[in-house]
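I opened the model to look up two things.

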Amino acid sequence: MNERKVRVRFAPSPTGPLHIGGVRTALYNYLFARKNGGELVFRIEDTDSNRFVPGAEEYILESFKWLGIKFDEGVTFGGDHGPYRQSERRDIYKKYVKQLLDADKAYIAFDTPEELNAKREAIENFQYDASTRGMMRNSLTMSEEEVKQLIADGTQYVVRFKIEPGRDVHVNDIIRGDVSINSSILDDKVLYKSADELPTYHLANIVDDHLMEITHVIRGEEWLPSAPLHVLLYEAFGWADTMPRFAHLPLLLKPVGNGKLSKRDGDKLGFPVFPLEWHDPASGQISSGYREKGYLPQAVVNFLALLGWNPGTEQEMFTLEELVEAFDLGRCSKAGAKFDYLKGIWFNQQYLLNTPAIEWTPTFDKILKENGIESTPEREAQVVEMMKQKVIEYEDTDGNKKKRNVSFISDLWPLCKFFFVAPETYDKEDKFVRKNWKEDTADMMRQLVEILNGIDDFTVDNMKAKVDAWAEASGMRPWNAWRVALVGMGQGPDMYELSAFLGKDETIRRMNAAIAQL
């Protein structure tokens, strides 16, 4: 094959939300194209009209826009190889169906579903191939006149690829090496259906990849069994010299147990398997998405890139540009990759920690407003800076209490409510409150109020100097009791930082309220 400009494609079907495995496939295509100075084509495979779901195409495009994966041409992007929706390419496919029929590489079959089912019942492991096609109703067993008459009468038919048995078909896969399958185990796949005048996946993809000058087909492992058929189709058309290189990516596997990652796994363990929230137009069911769960797109990209690909170093954190520079299909694993969703949470935490606090505030402000709080971006950023490295307690899907670092902006509200809402009651049964508020604590807090009242410049340094000196001279340890007064429980940042944020009046008001109640 002559040296050609690298061109790859991502071609989803608009049959529902985009699975996270599809996102990874698109990402690897993007990285490969950018690494090799090539182009990425976005194509829509909508030949199966019965499975079309309204809104799915728009959902897929919005997902990639959020993730920052950009296409060079295709549906909505334009280009010189359109149209890019397969349903708009009917006449193109008909031309190539005729080419195969004229060359005796394909044949017309009139077998009804009932006739096919009868054969499956009569013959164990029935397969429509060289050994059985002679007993079926097709253009190989019927006269030309009969075939023409049935077509003229409007009888529905399919066009099947005529596979000759006994040949070892080799697929040169970038990831898996030489894959060889004997043609005798392949069936005569349906390439075209007269019912809707549309091709099946097998024919449409071969024709499109050829006409759109695709040089590499990077797709999931589940498509590997169809690769020998595609090799034979390229040869049947006389396109062997321009056949793309194949690379079949490892499957994304369940986090626990065996098998392919499914939506059920996400529902059970509490993580999304779709990039964006999906509202099913038929059932009304809502499925969670990474965006709505609070993941940063760059964290999702970084996480997915390392599921099935190894950079060959200990580096884990990559920008998109760094991924492009490091990416090598040859370093993809043959074995499936366990979907470690906890690692995905860790990536999000790392990206959040490296994000300036002011960039957290649009989302944090929305959360505050939902809880009736009005604030300013500057004050919200102060809170974020104080609390972003804290640990939260949460319940897993089995009701077990666990702890982890702040990993989502939504984690902040339970930790930060006291910054904006003063405690109204104090739980005297709470272990922290009971331990740190004794009979003489109210008197100690009154002394502390007097000291704070005397500080005009209510900054962290000024408070620390005055309060620390008083504590050392008196032998008192006011900090935990002070926390009870301001927060109502044993959480929060450094007391001087919290008091400076609240301001002198609010700090003293809360302390007096605690003295009165406790």
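I took helices (H or I, at least four residues) and strands (E, at least two) as DSSP runs, numbered from the N terminus. This is a predicted model: local features need pLDDT of at least 70, side-chain atom pairs count only at pLDDT 80 or more, and totals for chains, interfaces and linings use all residues. Residues are numbered from 1 along each chain as its sequence is written, and side-chain values use heavy atoms, without hydrogens and water.

Entry one, the cavity. I searched a 1 Å grid over the protein atoms alone for sets of points where a 1.4 Å probe fits but cannot get out; lining residues have an atom within 4 Å of a point. Points are joined across faces, edges and corners, and the volume is the space filled by probe spheres set on them. I found one cavity of 30 Å³ or more. The largest cavity holds about 30 Å³.

Which elements supply at least two residues each of its lining? I noted α6 (201-211), β10 (216-220) and α7 (227-237). With three residues, α6 gives the most. Among the lining residues I listed Arg9, Asp209, Arg219, His230 and Phe246. The lining has five nonpolar residues (Ala, Val, Leu, Ile, Met, Phe, Trp, Tyr, Cys, Pro), three charged (Asp, Glu, Lys, Arg) and two polar (the others, Gly among them).

Entry two, the sheet. I counted strands as paired if DSSP finds at least two bridges between them. Four strands form an open antiparallel sheet, ordered β4-β5-β8-β9. Its edges are β4 (106-109) and β9 (198-199), each pairing on one side only. Four bridges join β4 to the antiparallel β5 (158-161). There I saw alanine 106 opposite phenylalanine 161 of β5.

Methods:
On a 1 Å grid over the protein atoms alone, a cavity is a set of points where a 1.4 Å probe fits but cannot get out, and a pocket is an open set with protein on both sides within 12 Å along at least five of seven lines; lining residues have an atom within 4 Å of a point.
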